[in-house]
2 protein chains.
Amino acid sequence: MSQYQPPIADIAFALEHVVGYPDIAKLPGFEHADLDTVVELLDQCGEFMAEAVAPLNRQGDVQGSHLQPDGTVKTPDGFKEAYQQYVDAGWGAVPLPEQYGGGGFPRTVGLAIQEMFNSANLAFSLCPLLTQGAIDALLHYGSDELKDRYLPKMVSGEWTGTMNLTEPQAGSDVGALTTKAVQNADGSYAITGQKIFITYGDHDMAEQIIHLVLARTPGAPEGTRGISCFIVPKYLVNDDGSLGARNPVETVSLEHKMGIHASPTCVLSYENATGYLIGEENKGMRIMFVMMNAARLGVGAQGLAVAERAYQQSLEYAQDRRQGQAIGAAGASSAIIEFPDVRRMLMTQRASIAALRYLLLLDASYVDSSTNDPDPAVRARADEIVGLLTPICKSFGTDLGNELTSLALQIHGGMGFIEETGAAQHVRDIRIAAIYEGTNGIQAADLVGRKLGIRGGASIMEFHATMREIDAELAAAGPDFALVREELDRQFTALETATKWMLKTGLGDPNSVLAGSSPYLRMWGLCTSGWMLARAAVAAAKTDDARLAQEQLVLARFYAQQLLPQCASLLGAATAGADDLFALDAHSLAGASFKVNS
Amino acid sequence: MSQYQPPIADIAFALEHVVGYPDIAKLPGFEHADLDTVVELLDQCGEFMAEAVAPLNRQGDVQGSHLQPDGTVKTPDGFKEAYQQYVDAGWGAVPLPEQYGGGGFPRTVGLAIQEMFNSANLAFSLCPLLTQGAIDALLHYGSDELKDRYLPKMVSGEWTGTMNLTEPQAGSDVGALTTKAVQNADGSYAITGQKIFITYGDHDMAEQIIHLVLARTPGAPEGTRGISCFIVPKYLVNDDGSLGARNPVETVSLEHKMGIHASPTCVLSYENATGYLIGEENKGMRIMFVMMNAARLGVGAQGLAVAERAYQQSLEYAQDRRQGQAIGAAGASSAIIEFPDVRRMLMTQRASIAALRYLLLLDASYVDSSTNDPDPAVRARADEIVGLLTPICKSFGTDLGNELTSLALQIHGGMGFIEETGAAQHVRDIRIAAIYEGTNGIQAADLVGRKLGIRGGASIMEFHATMREIDAELAAAGPDFALVREELDRQFTALETATKWMLKTGLGDPNSVLAGSSPYLRMWGLCTSGWMLARAAVAAAKTDDARLAQEQLVLARFYAQQLLPQCASLLGAATAGADDLFALDAHSLAGASFKVNS
């Protein structure tokens, strides 16, 4: 199995030349996070991830986390120690507010850290990811008292966090949840109910766990309008900050999963557990959206990250493994990297991963603009763009996570199917990412249902125009860029056609819009990827590094010619409407129509 | 977990109306296998698979096969008993020659049986599949003495077979194998060497195992021209047919695999084991090709079969699981089958599976023509078509196996990632199918390297013309078929453009042809699928079953509009040549070009 190599050079190039990080670093509050500082920090972080976290990945898969007879959860060997090192080094705090002990770095930097963390060990990295989600919710809606009591130790990582949304009958339909919250005399609430799919719902890596729990107060409205959000600590916290009595939150069982075996996925039972309201009653969904939007970009980064790790492994294998003789090769046998079809699989990974990294960092940079730009109009527009790009990053990013890890496995041939090789683990681990934090179908529904119609469609059309600005740059960059320019123009046109169809169809026929939502989202993923690679190629051509310029041009051209055209091929599916999807009843779908021996 | 429902109605319709089975049954030797008889037989076979074999699938995955301290291999509970039932019922013998106790049924019928067997339990079904490969080799090249001694008990299933090709250094490059065969005084050979990835190399389901082993005799030419094929029984066979001494073939270890856990994948060590030459020395590859070609169509059927099983499960789940409220739905919650995006996933599975089944049965029907048609010209042409379609069936069929089982998992949401649901097993089990029996990249190389140039390209161009014949039928079928007709025309044109480019580029630039081979093969898979669905729709319209006609029309239209257009989008990739694939060296592929903090 190959050693993980943090892609610092790729990330640094992306920050400096592709997503305009130097401008982010100039925003108020980020002055200390200049590019040189950030790259040095990422370099150190990458070293930590490669040396302390990545080596635990395979063992974590084999060993898994287990519920002990005493009701506690034991994580794999080495996890507790590595987590302590992570806390000591303070990597989790880098993008968090300085007021609570964080580093105050931009989200863009946080995303780059997260990519490397996910690559090193996806199952391990989920614990801090969920903690960060809980921190975000508290930061936005918690009272000062709650913040002061919980945030410092969560920011430092000494305490970890969870998100408790799902119940057996309430998955994608969060509004169907039934966990109860009844106010106590002291103003706290008694929480009772069962939650499932709780990532790191219990573990042995930290002394305390802070659960964020969605529940209903008596008489609350039905559906999502009657949901409140509570903080429920594993141990009650005394006024002096020390840990008090154990709250009645029990781990009922752990799930047996296809992947991320080291990450304990818990069924949690709350029996009159003491909880504290965050924000107002019945406003819990608003809080969850804060956590979910950050988490969705983070899950997109998981797709990127595991694909990167799998790609590195397949690239190494392709250079080591010798089989047969490539055309024109000397010697008895050739490394399989010399065979065109293996090259195709490598280039598909390389180009898709580069595009995805640029796209995710761009989205993160808009998050930073939306929070820190002094101009309210810029902030507002950045917020719109984050809303548009985030479902694309989550859905396209995790679809690619599945597709690219499978390509990496394929390069290994029969060895890829053998677990000791490690290639299969990446395929198994990343499979959940297209499902959790809102299935990819939910992301597509969000894109066409919530994001498309902002300002009557003007918001999305402005983004189309923003992407079109690359055309003049490609024209100015010379004939080597002609193919990229022509193909982008063709595919942008297809995507714009789909957008106009969606806007026109819109509210009058929502089922038809939803019917085309997933292909439409993929069209966006392909176009934004081709666009970002074109931006990178144009930017690289302006540096004095001929090798880099050539490399980025090849990636942009390969993508434009060989992968991007799938966009236009989806136009039919995006705009076909819902009729054919609903034309067959369950009987016909089951294929039982033909009368045998009729 | 859902019960497996054998798709008898779908198969019967395909046989009767889509692939012309009634004409196959009229060929000399198949007279006893008329359609009614076959459908009744398939119905009984399906019942057996559903009741005796399918229920062992999940337990087989959990338990796996294990190498015991005494060197024997123990299969999961119930496997031995089910195998005995399978032998008693005689299902394996149905398509085998009557001379050795088989049923003498066409290969087309054998493929339909195989589909149901694979759906019921892929890991279990591999044992008879490998046996059949060994039988094929003996039938074609074995001496009468070898045939009489081994075939009857292999045909009955009492003895099972294996294929021993791969060695650690010899995977896709079979010619690199080093296992030695030295002739003994009695004419037999002493076989010494280590083989890996031997499916059912040892097990406890049958008393005897017949290994087919590729090895080199002293002084044999290098590469594939120096390979000989031997039969090496686990136990020597006495002249009276009873079992004699144990041959020195040891099971060194079993692999830990991503899927098909119940199927023991063995490392076998031969130490002067007694083997018997099949055919002539140094002609072993020819024999292996006989086995491989049959096996490749069979592996394509695995993609179809596991996709069908996963689809059935996802269809059932989509009807049971209630979440949220669909647009226009009454009641508090809707089954998720009412949501357009879930419908898209179901329809994509349904249409792709139907197309694949038609295509595989068509390929099998050409196998039958190639062996049993009285007209040598018809046999020769059928043989060419088998050569063309088989790599497409194997590669496209198993790629779809991966893609469609993943869609089925996705429909289950978070439950899909939980192993108890069973959806993940299908994804894990089928992942190997794109690798073994020649990776899908090898299939694409076979298509462009061996099949494209037959008769200077005339063979493949004639098949293009055959597909074009559907145009007149679609025109005659009326305006409902217009969309299918137009889209097929457009996509056939794209495919023909690619074929002409391949033929023109051809021998002068083989690397460029290989560079486009995988996208080109996928274009073929898409076009032949769209074509078969169109044939089915036209045929269904001619029956007096309006419901069936509507169903087949919807499937053909959905595919033509929403899936088939991917074909033309791959034209760029198929015809781009090799330059961009080889433009980046390993350093640039590793993304290390940018000088950090330059």
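**View 1. The interface between chain B and chain A.** Chain B and chain A bury about 8900 Å² between them, 58% of it on carbon and sulfur atoms; buried area here is the accessible area (1.4 Å probe) that two parts lose on being put together, summed over both. Phe417(B), Leu589(B) and Phe594(B) supply 10% of the area that chain B buries against chain A, more than any other three residues. Counting contacts (heavy atoms within 4.5 Å), 101 residues of chain B touch 101 residues of chain A.

This is a predicted model, in which local features need pLDDT of at least 70 and side-chain atom pairs count only at pLDDT 80 or more, while totals for chains, interfaces and linings use all residues. Residues are numbered from 1 along each chain as its sequence is written, chains are lettered from A and ligands numbered from 1 in the order in which they are written, and side-chain values use heavy atoms, with hydrogens and water left out.

**View 2. How the two copies are related.**

**View 3. Helix 3 against helix 6 in chain B.** Helices are DSSP runs (H or I, at least four residues), numbered from the N terminus. The axes of helix 3 (residues 35–53) of chain B and helix 6 (residues 107–120) of chain B come within 9 Å and cross at roughly 15 degrees; axes are lines fitted to C-alpha atoms over the stretch in contact, and angles run from 0 to 180 degrees between N-to-C directions. That makes helix 3 of chain B roughly parallel to helix 6 of chain B (angles under 35 degrees count as roughly parallel, over 145 as roughly antiparallel, 65 to 115 as roughly perpendicular and the rest as oblique). Among the residues meeting here are Leu41(B), Cys45(B) and Met49(B) from helix 3 of chain B, and Ile113(B), Met116(B) and Phe117(B) from helix 6 of chain B.

**View 4. Helix 7 against helix 8 in chain A.** Helix 7 (residues 122–141) of chain A and helix 8 (residues 144–156) of chain A pack at about 155 degrees, axes 10 Å apart. That makes helix 7 of chain A roughly antiparallel to helix 8 of chain A. Including Ile135(A) and Leu138(A), helix 7 of chain A meets residues of helix 8 of chain A, among them Tyr150(A) and Leu151(A).

**View 5. Helix 9 against helix 11 in chain B.** Helix 9 (residues 284–320) of chain B and helix 11 (residues 376–411) of chain B pack at about 20 degrees, with axes 8 Å apart. Helix 9 of chain B and helix 11 of chain B are therefore roughly parallel.

How values were computed. Helix = DSSP H or I, 4+ residues; strand = E, 2+ residues; numbered from the N terminus.
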